[in-house]
Amino acid sequence: MRAPRTRSTAALISAAVAVPVLFTAIPQAGAADRGHENTAQSARKTAQAKQAKQAEKLAKKLVKKSTANSAYRHLEKFQEIADDNGGNRAAGTPGHEASARYVHDQLKKAGFKVSYQNFTFPESSTQREKLMLRTPGPGERAIKAFEFSKSTPQGGLTAKLAAARVDETPGCTLDDYETGTFTGKIALVKRGSCTYAEKEAAAAQAGAAGILVYNHSGDKPAAGSVGDPSQAHIPAAGLSKADGEALAKDIAKGEVEVNLHVATTTVHRKTRNVIAETRGGRADQVVALGAHLDSVPEGPGINDNGTGSAGLIEVAQKLAKATDGGKKVTHKVRFAWWSAEEIGLLGSEHYVKQLSAEQQKDIKLYLNFDMIASPNPAWLTYDGDDSDREGAGPGPAGSAQIEKLIEKYLGKQGIQTEGYDFDGRSDYGPFIAVGIPAGGTYTGAEEIKTPEQAAKWGGTAGAAFDPNYHGPGDTLKNIDRRAFDLNIDVIAHAVGTYAHDLSSLTS
């Protein structure tokens, strides 16, 4: 903000000495300046009070009108599309294309300015994934080849295992690998903190010939990616938590040798994001929201992330009805349905990269909704202030205030939330990377609900928040309708508030 222009003290003194007759006039001019300044401040306060009142009124109206019962029809459509297209809605497939057309048509009909954003992406196809134990005893372990992994030789890679240090950032930096002890070996690394690509790169830098990353929760092998073929250094695959921990114990006792068999190929596919924004509102003060529209190839993706996508459609439609087609808002509201999130946040990354520096500054906040109706739900908000002191640090300035707004709203509904680390697993990542504050809600994936969480939220302790995560069981039958409804209310409350009033971002 520019400071008010005023005359300098030196100029006033010289004027008083040179022309004494003007001396008595100077306080009058100063008083006039102060009068103008006070008038301007009063006008700003009046405008802010008006915006706050509009925000409160719109937020209440959107919460009342936006419901899970209404949004459920969008989930039914996504299920129907998946059923008609091989059981999924993955990026680059007819199922995703049909989903994108459906969203586009729904928002256009509501009165938004809607567009497609096309891009191409590499897709990894697994040809081989097998791990055989040689010593201390023969056996096979289930693995998941990393997407775009470098392939092993035709007969596989036979090498000894070496375990990377397990700390708060396991296998993320070179100092997690003892100098010289990993050369020519396959690194065994625990999942967590940094990306799979960063772990793979660090292991390769340490001289490892391959890497196995074992999961930190659940009973499935870690499903990782190195991002794209140009970032592949060594053969890489994921193990389950139990298998990884068992191998770590064997390494502690003595030598462990394995044969790792991994092969992937790459093809390029076309896909697109859907972007819809209000026709009214200041273009230099954009309120952005997003949810990924694509599923994994293994299932229809109704919770992940049909729920977030349907929630945004529902609130956008109700916003249009409440604001004359989106014309009567103070700030432009922009909704996005991303493609290729499951492959690595590719749709949101493409979008942010296409923005100029000025356009990035115009986006005052980004809200992300990814999996908002898990069948054994958690109540998690992205930890904008890093109060939980886990993993990554706080989000950009304003993120703490977004978290506070969501916590306060859910608190009034009798729900105690927990913070969730900005771990880079969803589409807020590209936004916080360029300094845009972010927030949102998440009801959990393969993570296990603790007894303390079950006591607080209900549900089943010791079970995954979503046992159907990334599988064929992620269907209409396996969502929590109450979680879906309350999270839609969160979206509605945030949209109604920020559409008129951004003052809480700096308070």
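I take helices (H or I, at least four residues) and strands (E, at least two) as DSSP runs, numbered from the N terminus. On that basis I count 14 helices and 14 strands in the protein.

**Entry 1: ground rules.** I am working with a predicted model, where local features need pLDDT of at least 70 and side-chain atom pairs count only at pLDDT 80 or more, while totals for chains, interfaces and linings use all residues. Residues are numbered from 1 along each chain as its sequence is written, and side-chain values use heavy atoms, with hydrogens and water left out.

**Entry 2: the whole protein.** I looked up the extent of the C-alpha atoms, and they fill a box of roughly 100 × 60 × 45 Å along the principal axes. Next came burial, where buried means under 20% relative accessible area, exposed over 50%, and partly exposed in between (1.4 Å probe, protein chains only). Of the 507 residues, 52% count as buried. For accessible areas I rely on the Shrake-Rupley method with a 1.4 Å probe; for residues, only the protein chains shown count as cover. The accessible surface comes to about 22,800 Å², and carbon and sulfur atoms hold 51% of that. I then turned to contacts (heavy atoms within 4.5 Å). Among contacts between residues at least 6 apart in sequence, 81% join residues at least 24 apart.

**Entry 3: charges.** Lys and Arg count as positive and Asp and Glu as negative; His and the chain ends are not counted. I place each charge at NZ of Lys, CZ of Arg, CG of Asp or CD of Glu. The protein has 60 positive and 60 negative charges, and their mean positions are 9 Å apart.

For patches, I use residues with over 30% relative accessible area and no salt bridge, joining like charges within 9 Å and nonpolar side chains (Val, Leu, Ile, Met, Phe, Trp, Tyr) within 5 Å. A salt bridge here is a side-chain nitrogen of Lys or Arg within 4 Å of a carboxyl oxygen of Asp or Glu.

Which residues form a positive surface patch? I find Lys 53, Lys 57, Lys 61, Lys 64, Lys 65 and Lys 321. Helix H2 (residues 25–65) supplies the largest share, five residues. Lys 57 sits in H2 and counts as exposed because its relative accessibility is 65%.

A negative surface patch is made by Glu 168, Asp 385, Asp 388, Glu 390 and Glu 407. Glu 168 belongs to the loop between strand E4 (157–163) and strand E5 (186–190); at 75% relative accessibility, Glu 168 is exposed.

**Entry 4: helix H5.** In H5 (residues 196–205), I see Tyr 196, Ala 197, Lys 199, Glu 200, Ala 202 and Ala 203 buried. What covers these buried residues? The cover includes E5, strand E6 (210–214) and strand E7 (236–239). Just after H5, Gly 207 takes a positive phi of about 100 degrees.

**Entry 5: Phe 431.** This residue lies in helix H12 (residues 429–433). Is Phe 431 buried or exposed? It is buried, because its relative accessible area is 1%. Leaving aside residues up to four places away in sequence, Phe 431 touches Trp 338, Ser 348, Tyr 351, Val 352, Ile 363, Tyr 366 and Ile 436. I also checked Phe 431 against Ile 491: they are 60 residues apart in sequence and 18 Å apart in space, C-alpha to C-alpha.

**Entry 6: Thr 450.** I find Thr 450 in the loop between strand E14 (438–442) and helix H13 (451–457). Its relative accessibility is 29%, so Thr 450 counts as partly exposed. Thr 450 and Ala 464 are 14 residues apart along the chain, with 9.4 Å between their C-alpha atoms.

**Entry 7: backbone notes.** The peptide bond from Thr 135 to Pro 136 is cis, with omega near 10 degrees; Pro 136 is in the loop between strand E1 (113–135) and strand E2 (139–141). I also noted a cis peptide bond from Asp 304 to Asn 305, with omega near 5 degrees. Asn 305 is in helix H7 (residues 302–322).

Ala 340 has a positive phi near 60 degrees, though it is not a glycine. Ala 340 belongs to the loop between strand E10 (331–338) and helix H8 (341–344), and it is buried, at 0% relative accessible area. Arg 389, not a glycine either, has a positive phi of about 55 degrees. I place Arg 389 in the loop between strand E12 (380–382) and helix H11 (399–412), and at 64% relative accessibility Arg 389 is exposed.
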